[in-house]
Amino acid sequence: MNEQPKSAPESTTHFGFRDVPVGEKQKLVGQVFTSVARSYDLMNDLMSFGVHRLWKRHFVAISGVRRGDRVLDLAGGTGDIAALLKPVVGKDGEVIVGDINAAMLQVGRDRLTDRGLVDGLRWTQLNAEALPFPDNSFDVVTMAFGLRNVTDKDKALADICRVLKPGGRLLVLEFSKVQNEAFGKLYDFHSFNILPKLGKLFAGDADSYQYLAESIRKHPDQQTLKGMMERAGFGKVEVRNLTDGIVAIHKAYKF
């Protein structure tokens, strides 16, 4: 008898510390963020000891965004970065908030509308790996605490480079590798022993917080991400550690 040809094994990727089929990761990540959308600020407070608000202000302050710029804020979630960017770009500029998760976008749009931030803001559900914009569309692209959840980071970085104007900048704020070993052990203990319990207590969701802690450890470290950006077509990639590397800002230019 002729043997039936064996089908190629399906490619896998990480979802936290689990390996899952590539096609399933987007759905699983979507379930996490739909679950935590209403408690997103609490989530960030628990994960960063409340310091995320200072990190985000610093992120925007060094972005180089100017009045009149057109900015794409990816993984814009609940609008934290957009709220900081809008006064900088002014009435002549525009901030487009893009996120793959509809629940996160709804929370952000409602929150900023309640604050009177409407003009010059657009909200778009999109996938960072296939951006629905023409080449050379934006002066700046920002992405805060979202890149680690993207399935194909190389593809996303290449498409971000495509939609940036020549001379434009990408800024990524993301959890990274702690530089001090003793501090790193304390941070790990908080992440894996305390954070899920706090998530269950305050948000009724321990599993999502466990995933978020795991996703940080699977994200490329500072130098690896720098190399990925360079391979995607960016130049002059600068890395700035904050709070001893709990997070890092990567700033890169399209030439």
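1. A cavity, for this note, is a set of grid points where a 1.4 Å probe fits but cannot get out. The model here is a predicted one, and it holds two cavities of 30 Å³ or more. The largest cavity takes in about 80 Å³ of space.

2. What lines that largest cavity? Tyr40, Lys56, Asp73, Ala75, Gly76, Gly77, Thr78, Gly79, Asp80, Ile81, Ala144 and Phe145 do. By class, the lining of the largest cavity splits into five nonpolar, four polar and three charged residues.

3. Now for the helix pair. Helix 7 (residues 181-203) and helix 8 (residues 206-218) have axes that come within 7 Å and cross at roughly 155 degrees. Angles over 145 degrees count as roughly antiparallel, so helix 7 runs roughly antiparallel to helix 8. The crossing of the two is right-handed.

4. On the helix 7 side, the contact is made by Tyr187, Asp188, Ser191, Phe192, Leu195, Pro196, Gly199, Lys200 and Ala203. Helix 8 brings Ala206, Tyr209, Gln210, Ala213, Glu214, Ile216 and Arg217. Sorted by type, the contact has nine nonpolar, three polar and four charged residues.

5. Worth a look as well is the second largest pocket, with about 240 Å³ of space. Its lining has 14 residues, and Ser176, Lys177, Val178, Asp188 and Arg217 are the closest to the centre. Asp188 and Arg217 also belong to the contact of helix 7 with helix 8.

6. Which elements give two or more residues to the lining of the second largest pocket? Helix 7 and helix 8, with helix 7 giving the most, five residues. That lining divides into four nonpolar, four polar and six charged residues.

Technical notes
Residues are numbered from 1 along each chain as its sequence is written. This is a predicted model: local features need pLDDT of at least 70, side-chain atom pairs count only at pLDDT 80 or more; totals for chains, interfaces and linings use all residues. Side-chain values use heavy atoms; hydrogens and water are left out. Axes are lines fitted to C-alpha atoms, for helices over the stretch in contact, and angles run from 0 to 180 degrees between N-to-C directions. Helices (H or I, at least four residues) and strands (E, at least two) are DSSP runs, numbered from the N terminus. Angles under 35 degrees count as roughly parallel, over 145 as roughly antiparallel, 65 to 115 as roughly perpendicular and the rest as oblique. A crossing is left-handed if the near helix is turned anticlockwise from the far one by less than a right angle, and right-handed if clockwise. Contact means heavy atoms within 4.5 Å. Ala, Val, Leu, Ile, Met, Phe, Trp, Tyr, Cys and Pro count as nonpolar, Asp, Glu, Lys and Arg as charged, and the others, Gly among them, as polar. On a 1 Å grid over the protein atoms alone, a cavity is a set of points where a 1.4 Å probe fits but cannot get out, and a pocket is an open set with protein on both sides within 12 Å along at least five of seven lines; lining residues have an atom within 4 Å of a point. Grid points are joined across faces, edges and corners, and a volume is the space filled by probe spheres set on the points.
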